[in-house]
Structure formats: structure tokens, C-alpha cells
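Please look through the sequence and the model below before reading on. The report that follows moves from the whole chain to single residues.

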Amino acid sequence: METSDSERLGEQLAKPSGAFGLEVAQMMHKGNAAICHDAFKALGAFVPNRVLELGMGNGQHSAAWAERLKVGQWLGLDHAPDMVKEAERLQAVHVAAGRMGFYLAQAEGMVEVLEAKGQLKTGFDAAISVNTLYFWDNPEEVLAQFFSLLKPGAPLILAFRSAGLMRQLEFTRKGFRFWEADELWRLLEQGGFVPEPMQYWVEPEIEFKGKPLAMDHWVAVALKPVDYSGVEF
Ligand SMILES: C[S@@+](CC[C@H](N)C(=O)[O-])C[C@H]1O[C@@H](n2cnc3c(N)ncnc32)[C@H](O)[C@@H]1O
């Protein structure tokens with residue numbers, strides 16, 4: 001693949017658009033199955049009724065897991081208009097029934113958009129985002145937004161590929177920020193969350209540019225603490 005092709009792929013992963021974007025979204029659905037599996041499995045442990053997802057792509061993993069976990073309402077936010085449209089198209093039945101909803105939003109603008117859509121009458125039982133933190137412009141602000149949207153005791157689940165792996169991929173040269181697990185841990189703590197021990201998983205090798213490449217991912221679960229000050233003991 002020429003450098004320009006790599007750059008194009010990198011741009012599409014950050015914000016899929018047009019016909020190639022739809023193809024990339026389909027490719028992500030397949031290629032991100034393992035990381036999505038572990039992230040959504042972690043979500044299942046909390047038996048959430050109302051879930052917020054940032055960066056759902058075409059939303060196919062979201063819909064499968066919303067059904068599997070019997071989630072009452074699943075809202076997906078994405079800054080790519082074509083992903084919001086595609087998720088709405090693919091999940092039209094769930095959207096019509098009010099079980100799923102997809103809105104256009106920047107990570108830093110989640111609260112404003114949900115407010116405008118009348119979706120902030122109650123908080124969320126859980127929030128999840130897979131493979132998006134490489135693209136956040138202002139990570140502190142994104143965490144602050146998640147914090148304010150979650151109910152006390154609710155988890156934020158962030159899944160991402162290791163910095164070591166990302167550095168080996170040519171398409172990550174522009175527009176991607178690589179994350180070490182301890183760096184995210186500190187940021188979560190600074191943001192008021194209580195992080196659980198992070199899980200590191202190694203996936204089966206894939207062939208990348210004719211060479212074997214060991215895929216991996218981290219799953220971070222961090223809780224919004226409960227305020228016990230008004231509780232009588
Ligand atoms: C690499 S894809 C991951 C899709 C899916 N979560 C997965 O793991 O297969 C990143 C998705 O997040 C969206 N995204 C990236 N940065 C974002 C941001 N700052 N705000 C909102 N959405 C963002 C992209 O448009 C894209 O749909």
C-alpha cells in the first residue's frame with residue numbers, strides 16, 4: 001500500500017465517509033470483533049438498562065450486544081454523518097421501537113447534543129467506547145463529559161489497541177494518538193473515576209503487508225464513584 005493509501009485509510013478510520021467509509025466500517029466490524037467482544041462482555045457484567053456509546057461506526061456490534069444484553073435503550077454518538085445514517089439504516093427496526101438511537105456528536109460535545117435531543121432526563125447506567133480515544137482532541141474534556149452523563153456507580157468502558165501495536169501500523173502515522181495503559185489510568189483517576197485493574201488481551205495474529213502481526217487490546221473499566229454523604233447508616 002502506498003503512503004497516500006495508508007493516510008486515506010487512517011482518515012477513514014478516524015471519520016468514515018462516502019462509499020469507502022462504508023467499506024471501512026464493514027471491515028472494522030470484522031477486524032474489531034475480538035476487541036468489541038471483550039469490551040461489550042465487560043459491559044454485560046453491569047447488566048445496564050441505558051447505555052451510551054461513543055464512536056459506534058455502523059453500529060452492528062452495538063445492535064448485536066444490545067440484544068444479547070437485553071439493554072432497554074442504547075444511544076450511539078459519532079462525529080461521522082455517514083456512520084450515523086448507516087447505523088440508523090441498519091438498525092431501523094430498533095430505532096423505530098426506541099430501543100436504539102444514533103446522533104451526530106463530537107466526543108467533546110456529547111452533553112450538548114444529548115440535552116438538545118431530550119435524552120438527559122436520567123443518567124446512563126454505562127458508557128462504552130471502542131477504538132476512539134486515539135482521535136479525541138481533548139481527552140480531559142471527553143472524560144468530564146462521560147463523568148457527568150453517568151449515574152453514580154456506573155462504569156465507563158474504554159477499549160483500545162496498545163501503543164506498541166499502533167506504532168507498527170503505517171496508517172496511524174497521521175491523526176492518531178497512541179495510549180499507554182498507565183497514562184489512561186492516571187487520566188481516569190484525575191477525572192474522578194475509580195479505575196479497575198485493566199485487562200490486556202492478545203488476539204490471534206493477522207497477516208499485515210505480508211508479515212504476521214500480533215494484534216492486542218486493552219479494556220479499561222472505570223467507575224463513577226457513589227456519593228454516600230446523604231446516605232443514613
Ligand atoms: C476506528 S472507528 C471504531 C468503530 C467501532 N467502535 C469499532 O471498534 O469497530 C472510530 C469511530 O469513532 C468515530 N469517532 C472518532 N473520533 C471521534 C470523535 N472525536 N467524536 C465522535 N466520534 C468519533 C469515527 O467516526 C468512527 O465511527
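Among the contacts in this predicted model between residues at least 6 apart in sequence, 72% join residues that are at least 24 apart. The secondary structure of the protein comes to 10 helices and 10 strands. The radius of gyration is 17 Å, close to the 17 Å that the globule rule gives for 233 residues, and the protein is therefore as compact as a globular protein of that length. Taken along the principal axes, the C-alpha atoms fill a box of roughly 65 × 40 × 30 Å, and 37% of the 233 residues count as buried.

Where is the largest nonpolar core built up, and which residues take part? This core has 58 residues, and Ala39, Ala127, Ile157 and Ala159 are the ones that touch the most other members. Helix H3 supplies the largest share of the core, with 6 residues. For Ile157, once its neighbours within four places in sequence are left aside, the contacts are Ala39, Ala42, Leu43, Ala126, Ile128, Val219 and Val221.

From C-alpha to C-alpha, Ala34 is 23 Å away from Ser6 in space, while the two are 28 residues apart in sequence.

Helix H4, which spans residues 60-68, has His61, Ser62, Ala63, Trp65 and Ala66 as buried residues. An α-helix has 3.6 residues a turn, so residues three or four places apart point the same way. The elements that cover the buried residues of H4 include those in the table, which gives the residue range of each.

| Element covering H4 | Residues |
|---|---|
| Helix H2 | 18-31 |
| Helix H3 | 33-44 |
| Strand E1 | 50-54 |
| Strand E2 | 73-78 |
| Helix H6 | 92-96 |
| Strand E3 | 100-104 |

Just after H4 in the chain, Lys70 takes a positive phi of about 50°.

The last topic is the ligand. Which of the 22 residues around the ligand come nearest? They are Asn32, Gly55, Gly57, Ala80 and Phe135. Sorted by class, the shell around the ligand consists of 13 nonpolar, 7 polar and 2 charged residues.

Technical notes
Residues numbered from 1 in each chain as written. Predicted model: local features only at pLDDT ≥ 70, side-chain atom pairs only at ≥ 80, totals over all residues. Helix = DSSP H or I, 4+ residues; strand = E, 2+ residues; numbered from the N terminus. Rg over C-alpha atoms; globule rule 2.2 N^0.38 Å. Buried ≥ 20, exposed ≤ 12 C-beta atoms within 10 Å, placed from the backbone. Contact = placed C-beta atoms within 7 Å. Near = placed C-beta within 6 Å. Nonpolar A, V, L, I, M, F, W, Y, C, P; charged D, E, K, R; others polar. Core = buried A, V, L, I, M, F, W, Y, C linked by C-beta atoms within 7 Å.
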